[in-house]
Amino acid sequence: MLLHILSSTPKWVFVLFAALLWLGLQQMQPRQVSLNRATLLPLPMAGLSLLGVASAFGNLPVALLVWLAGTALAFAAALQLQSSARIHYDATNRRFHLPGSVVPLALFMGIFITKYAVGVSIGIQASLAHDGTFALTVSTLYGAFSGIFLARAARLWRLALQQANALQTA
């Protein structure tokens, strides 16, 4: 069965997996990045998770609301829990000095694996697309991934704005 699933998977899915894996592994290393580059990636990743909900459960509008609620709750929690202690922002050059982190890789793989597993599950048992419990569980998970991603970007923007304001008042 697994071999049939993998052989039926479009080739671009493996390319996307490899790209996300490579990108996540890159973020495990300390690096310097611009403000835009550091905060741009969460938007398409949140979009990918929203697309996952819409494509799998578009017939259940409550799934989109649950995704939004999951995103908001995870965003608020992650924003409170994440620390900026090891992140440095050079306001003059608009560049972050970021420590390596496994979190982006975990989020990339979480969204990818969830989307793949949901697609396979619905492909095997189409009735899952109309199953409220399945839809709400998956939508909450997608929302949690998105909220954490977006909170990481918001934390960087907040740090950049604080540093820019400190430079202006100095």
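## Strand pairing

Strand E1 (residues 31–34) runs antiparallel to E3, and four bridges join the two. Gln32 has His97 as its bridge partner in E3. E3 also pairs with strand E2 (residues 88–90), again in the antiparallel sense, over three bridges. Here Tyr89 stands opposite Phe96 of E3. E2 and E3 form a hairpin, with four residues between them.

Strand E3 covers residues 95–98, and its side chains alternate. Phe96 and Leu98 point to one face and are buried.

## Confidence

This is a predicted model. The chain averages a pLDDT of 90, and 99% of the residues score at least 70. Among the elements, helix H5 (residues 61–81) has the highest mean pLDDT, 95. Helix H3 (residues 35–40) has the lowest, 82.

## Nonpolar cores

The largest nonpolar core holds 26 residues. Met45, Phe57, Ile111, Val118, Ile122 and Phe134 touch the most other members. Helix H2 (11–26), helix H4 (42–57), H5, helix H6 (103–124) and H7 each supply at least two residues of this core. H6 gives the most, with eight residues. Nonpolar side chains tend to be buried together in soluble globular proteins.

Ile122 shows the packing in detail. Leaving out residues up to four places away in sequence, Ile122 touches Ala56, Phe57, Leu128, Ala129 and Phe134. Another core, of 11 residues, lies apart from the largest one. Its members include Ile87, Ala91, Leu156 and Ala160.

## Helix H7

Helix H7 (residues 132–169) has 38 residues. From its first C-alpha to its last, H7 reaches 53 Å. That is close to the 56 Å expected at 1.5 Å a residue. At the start of H7, a side-chain oxygen of Asp131 comes to within 2.9 Å of the backbone nitrogen of Thr133.

## Gln27

Gln27 sits in the loop between H2 and E1. Is Gln27 buried or exposed? Its relative accessible area is 13%, so Gln27 counts as buried, the cut-off being under 20%. Not counting residues up to four places away in sequence, Gln27 touches Leu41, Pro99, Gly100, Ser101, Pro104 and Phe108.

Note on methods. Residues are numbered from 1 along each chain as its sequence is written. This is a predicted model: local features need pLDDT of at least 70, side-chain atom pairs count only at pLDDT 80 or more; totals for chains, interfaces and linings use all residues. Side-chain values use heavy atoms; hydrogens and water are left out. The expected span of a helix is 1.5 Å times one less than its number of residues. A polar contact is a pair of N or O atoms within 3.5 Å; within protein, one must be able to donate a hydrogen and the other to accept it, and residues adjacent in sequence count only if both atoms are side-chain atoms. pLDDT is the predictor's confidence in each residue, from 0 to 100. A nonpolar core is a set of buried Ala, Val, Leu, Ile, Met, Phe, Trp, Tyr and Cys residues joined through side-chain atoms within 4.5 Å. Buried means under 20% relative accessible area, exposed over 50%, partly exposed in between (1.4 Å probe, protein chains only). Contact means heavy atoms within 4.5 Å. Two strands pair if DSSP finds at least two bridges between them.
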